[in-house]
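Hi everyone, thanks for coming. Please have a look at the structure on the screen, and then I'll walk you through a few of its parts.

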Amino acid sequence: MFSNGHGTGLIGITTRWIDDSGNGADLAAKLGRLGEDVSDFAIHTMGWIRCTAIGAFEEYSFDARSVHVKGLTALLHRLVDAQAAEATRLRCIEVTTSRGTTKISDDRPDRMISLVLKCMEIANPRAPRDSIRRGRMDSAALLSLQDPVVARLIAAWQASGAALRSPILELMTDAGINRGIKVMVPQGETFQLMRYHGSPNAPWDPATWRGFEGGTLDQVIPDRGMIESVQASTRTALSLNEPLVEFCEGVILASDGLKEYQWYRISLPVDLPAERRSRFGDGGRGVLALLSPIPRSREAA
């Protein structure tokens, strides 16, 4: 369960992680690097549990607002096993709630078990801490953006008859477009990135976003809050069958650290080519999405 741990390089100190599925996980492999900002992101946004052992001392850190029940269950099993073995060692649970962070230490596993059980009562796996905030705008807001890339996207969508063909495909292969554009199609409970045009303004570097195409949101995006946000927007656009314009903001784990971003997300439903429909559900439809940073003038305001 706790394989793929990371040693800090200091004798007697070992850090391991429990992911949202309750399994041991390698944080460096998942997010590409380690650091305090990465650890904070894993705990507070991804809902992972950090397990640190320092000699005979063990500390478990998690955020009750974002932790997954499966992760807490794995921690509970570890404490129950320690209780059965009558292991005597000092343990500490560091838990963050909306009121702050609290540390509780004890050498009896049963008391730690009671705390974890209490946290399981309030943990909700379907409602992670909302790291991405979205505000819906009406279609008229498209005109107020005064963004030439947005105008080209809407024109291409209309000219194609809302189908994934020319001139949409030409737009997505235009090296002069400096915005993130993607086509997502339903795949089970998530979405697959069928086509992806990366952006130099994206929070991830080119080496990261070049690997997006062909993967599902669950595979390529480490931020569970971001996944939930994109899924919600995509499902809404499919349901409405019309353009969906949203103003978004939130903290994202960028390639160079945690950063606050603000952007417009424009989601347009599209019909897939006939040769692609057999591979995907939901009637062979997908969503074309443009991610556009907000103008500096608005950001300053």
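**A strand and its partners**

Let's start with a pairing: E59 has C92, in strand β6, as its bridge partner. Before we go on, this is a predicted model, in which local features need pLDDT of at least 70 and side-chain atom pairs count only at pLDDT 80 or more, while totals for chains, interfaces and linings use all residues. Residues are numbered from 1 along each chain as its sequence is written, and side-chain values use heavy atoms, with hydrogens and water left out.

A word on names: helices (H or I, at least four residues) and strands (E, at least two) are DSSP runs, numbered from the N terminus. Two strands pair if DSSP finds at least two bridges between them.

So which strands pair with β6? Strand β5, residues 57-63, runs parallel to β6 and is joined to it by 6 bridges. Strand β7, residues 100-106, runs antiparallel to β6, with 7 bridges joining them. There, V95 stands opposite T102 of β7.

Is β6 enclosed or open? Of the 7 residues in β6 (residues 91-97), 6 are buried, so the strand is largely enclosed by the rest of the structure. Buried here means under 20% relative accessible area, exposed means over 50%, and partly exposed is in between, with a 1.4 Å probe and protein chains only.

Now for the charged residues. Side chains of opposite charge can pair when their charged atoms come close. We call it a salt bridge when a side-chain nitrogen of Lys or Arg is within 4 Å of a carboxyl oxygen of Asp or Glu. By this rule, the count is 10 salt bridges.

One of them joins E94 and R50, at 3.9 Å from N to O. This pair links distant parts of the chain, with E94 in strand β6 and R50 in strand β4 (residues 49-54), 44 residues apart. Both E94 and R50 are buried. They also belong to a network of salt bridges that links R50, E59, E94 and K103.

Another salt bridge is between E58 and R78, whose closest N and O atoms are 3.1 Å apart. Here strand β5 holds E58 and helix α3 holds R78, 20 residues apart.
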